[in-house]
Amino acid sequence: MRVERVEIRCDVLDDAVFCVQEGADAWCYDYRLQRQFASLSIRYDNANAPEGWFFVRQDVIARATVSELIKAGHLELQQSNFTLADGGGAMLGRLVAK
């Protein structure tokens with residue numbers, strides 16, 4: 001099975017930043033610094049995100065980045081929350097090339 005990779009230049013964050021989604025993983029990468037600076041996704045042991053989507057990391061550090069990506073139209077959120085086996089919820093997202 002081939003995992004699709006989406007790579008989007010995100011000038012709204014910085015002119016050297018690209019956001020990358022590879023399967024159920026998503027992150028922001030700064031090519032000038034040659035390092036990842038924000039993880040947009042989180043993995044759960046008891047759940048798999050549907051194909052083309054990832055579970056959105058909702059910690060304090062990721063919130064500002066996620067918010068900026070939504071405003072710029074680079075991140076689409078699924079309208080309904082995904083329910084985990086323990087009854088908790090998780091938001092699904094995917095990167096969108098404009």
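What percentage of the contacts in the protein chain between residues at least 6 apart in sequence join residues at least 24 apart? The share is 38%. The model examined in this report is a predicted one.

## Overall architecture

The protein chain contains 1 helix and 9 strands. Read from the N terminus, these elements follow the order β-β-β-β-β-α-β-β-β-β. The radius of gyration is 13 Å, close to the 13 Å that the globule rule gives for 98 residues, so the chain is as compact as a globular protein of that length. The C-alpha trace spans about 40 × 30 × 25 Å along its principal axes.

Of the 98 residues in the chain, 36% count as buried. The accessible surface amounts to about 6200 Å², and carbon and sulfur atoms account for 48% of that area. As for charge, the chain carries 11 positive and 14 negative side chains. The centres of these two sets lie 3 Å apart.

## The cysteines C19 and C28

How many disulfides does the chain have by the rule applied here? The count comes to 0. C19 takes part in no disulfide, and its nearest cysteine sulfur, that of C28, lies 3.1 Å away. A disulfide requires the two sulfur atoms to be within 2.5 Å.

C19 is buried, with a relative accessible area of 0%. C28 likewise counts as buried, at 0% relative accessibility.

## Residues of helix α1

Helix α1 covers residues 60-71, and T65 has its place there. Is T65 buried or exposed? Its relative accessibility is 11%, and because buried means under 20%, T65 counts as buried. Leaving out residues up to four places away in sequence, T65 touches L13, C28, A38 and L40.

At 29% relative accessibility, E68 counts as partly exposed. When residues up to four places away in sequence are left out, E68 touches V12 and L13. E68 and L13 are 55 residues apart in sequence, while their C-alpha atoms are 7.4 Å apart in space. L13 is also among the residues that T65 touches.

## A residue in a loop

R43 belongs to the loop between β4 (35-39) and β5 (54-55). With a relative accessibility of 56%, R43 counts as exposed. Apart from its neighbours within four places in sequence, R43 is in contact with A24 and D25. R43 and V17 are 26 residues apart in sequence, and the distance between their C-alpha atoms is 23 Å.

## Accessibility of the residues discussed

The following table collects the accessibility values given above.

| Residue | Relative accessibility | Class |
|---|---|---|
| C19 | 0% | buried |
| T65 | 11% | buried |
| E68 | 29% | partly exposed |
| R43 | 56% | exposed |

Notes:
Residues numbered from 1 in each chain as written. Predicted model: local features only at pLDDT ≥ 70, side-chain atom pairs only at ≥ 80, totals over all residues. Heavy atoms only, no water. Helix = DSSP H or I, 4+ residues; strand = E, 2+ residues; numbered from the N terminus. Rg over C-alpha atoms; globule rule 2.2 N^0.38 Å. Buried < 20%, exposed > 50% of the residue type's maximum accessible area, 1.4 Å probe, protein only. Contact = heavy atoms within 4.5 Å. Areas by Shrake-Rupley, 256 points an atom, 1.4 Å probe, with all protein chains shown as cover. Lys, Arg positive; Asp, Glu negative; His and termini not counted. Charge placed at Lys NZ, Arg CZ, Asp CG, Glu CD.
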